[in-house]
Amino acid sequence: MIQIPGEIYLVGGAIRDRLLGRTEGDRDYVVVGSTPEAMLAAGFKQVGQEFPVFLHPETREEYALARTERKQGKGYHGFLCDFKPTVTLEEDLRRRDLTVNAIAEDANGRLIDPFNGLQDLKSRNLRHVSEAFVEDPLRVLRVARFQAELFEHQFRIAAETEELARQISASGELASLTAERVAMETMKALETSHPEQYFYTLATLHALEPLFPELAKSWQTAELTMLPGIRALKVAVELNLSAPQRWAALVHDQSQETILQLGGRLKLAKTFTHLSLKVKRFGPAITRVEHASAEEIASLLQQLDTFRNPKNLTQVVAVLAAIEARKTLSHYTPLTILEGALEAAMKVNNQQLIKQGLSGKALGEAIKDARIRAIQAILR
Ligand code: ATP
């Protein structure tokens with residue numbers, strides 16, 4: 001058994017989510033009265049570069065030494081971090097963003113709540129812990145993400161917290177956030193039950209323009225709730241689509257250049273941009289597929305690379321269903337037709353053609369013809 005050198009408290013999201021009756025995510029612990037040396041000697045592995053955060057050798061859960069943070073100068077790296085063993089639990093909780101994230105629980109299950117997080121949980125308030133909230137621009141994104149995450153529990157951002165977040169936006173500090181930070185919060189927001197709230201909140205906090213200038217430009221002319229991208233995003237959630245699919249739904253009416261620019265600037269995982277571009281490129285042909293010939297369908301399946309990777313088909317078509325506001329994928333004609341065509345075309349026996357002595361270009365042509373015939377047969 002590992003002996004943890006110090007007082008241990010569970011903190012943050014795990015407590016918030018449990019009290020709300022939500023599935024608990026990662027468990028984060030704070031250790032009061034310890035040092036990095038004592039943690040390492042007890043067998044913990046240090047993971048934080050800038051902060052003293054350690055991984056439990058058995059549970060792999062995160063244990064951070066209690067710390068205070070003070071802003072020093074401009075930019076995201078301008079933090080002075082103090083993790084002396086004399087730092088108290090309350091001091092550690094004070095540096096946190098929202099009161100609902102600043103509740104701790106001791107080893108006996110007793111809650112420690114110096115900033116009235118319990119009251120805010122009850123009254124569904126996202127409220128800053130202290131005026132130091134303005135010191136970290138990431139908190140604007142976090143507040144927007146929590147609004148998306150907790151919207152189904154009727155949470156609202158406190159007016160004073162909105163005011164502080166707007167101060168951050170006005171200060172120009174959002175520009176100091178790295179692409180990775182912005183992308184990470186955005187990906188987390190996309191996976192929530194109300195990702196549209198993330199974008200609405202950023203707009204309310206005057207952070208949309210600085211963070212997503214590409215989107216803000218084309219969005220400024222319309223009410224956000226009415227935007228085709230936002231509408232498609234909401235249906236994508238109802239269809240339970242993945243984060244890359246939700247992103248593709250959101251940007252479906254943006255230009256190819258904008259999609260590439262956003263993906264590049266935010267350093268998004270390649271699947272996000274690839275899928276978005278596929279939806280743009282093949283969307284028109286897929287949605288009209290009932291009027292297509294067997295040849296055109298075979299070519300579409302080929303271009304979507306569905307023969308090697310059949311999952312590509314539903315991945316793209318489901319986004320188109322969201323764009324067309326279909327609340328279910330069953331009976332979505334393009335999907336039914338293309339799935340049927342793919343199934344038929346996949347039955348073509350390539351080995352048999354090889355046995356007939358075909359190879360190279362001739363084999364390729366023969367496979368293509370056989371697939372077209374197979375598709376033709378089911379279209380009749
Ligand atoms: P989730 O796991 O749903 O993302 P979480 O609240 O656990 O929610 P983490 O990012 O894991 O979020 O952070 C753990 C805790 O650390 C938070 O609950 C909060 O108390 C604190 N925290 C994290 N990032 C910040 C920040 N930028 N400013 C202030 N406090 C923060």
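1. By class, the shell around the ligand holds eleven charged, three polar and two nonpolar residues. Asp, Glu, Lys and Arg count as charged; Ala, Val, Leu, Ile, Met, Phe, Trp, Tyr, Cys and Pro count as nonpolar; the others, Gly among them, count as polar.

2. This is a predicted model, in which local features need pLDDT of at least 70, side-chain atom pairs count only at pLDDT 80 or more, and totals for chains, interfaces and linings use all residues. Residues are numbered from 1 along each chain as its sequence is written, and side-chain values use heavy atoms, with hydrogens and water left out.

3. Of the 16 residues around the ligand, R16, D136, R139, R142 and R145 come nearest. A residue is near a molecule if one of its heavy atoms lies within 4 Å of it.

4. Helix α5 (138-150) and helix α1 (13-19) each give at least two residues to the shell. The largest share, six residues, comes from α5. Helices are DSSP runs (H or I, at least four residues), numbered from the N terminus.

5. Domain 1 (1-123) and domain 2 (124-211) each contribute at least three residues to the shell. The bounds come from an automatic or database domain assignment.

6. A polar side-chain atom of D136 is 2.9 Å from a ligand nitrogen atom. Ligand oxygen atoms lie 3.0 Å from an N or O atom in the side chain of R96 and 3.3 Å from a polar side-chain atom of E149. The protein covers 79% of the 580 Å² of accessible area that the ligand has on its own (Shrake-Rupley method, 1.4 Å probe).

Key. Polar contact = N/O pair within 3.5 Å; in protein donor to acceptor, adjacent residues only side chain to side chain.
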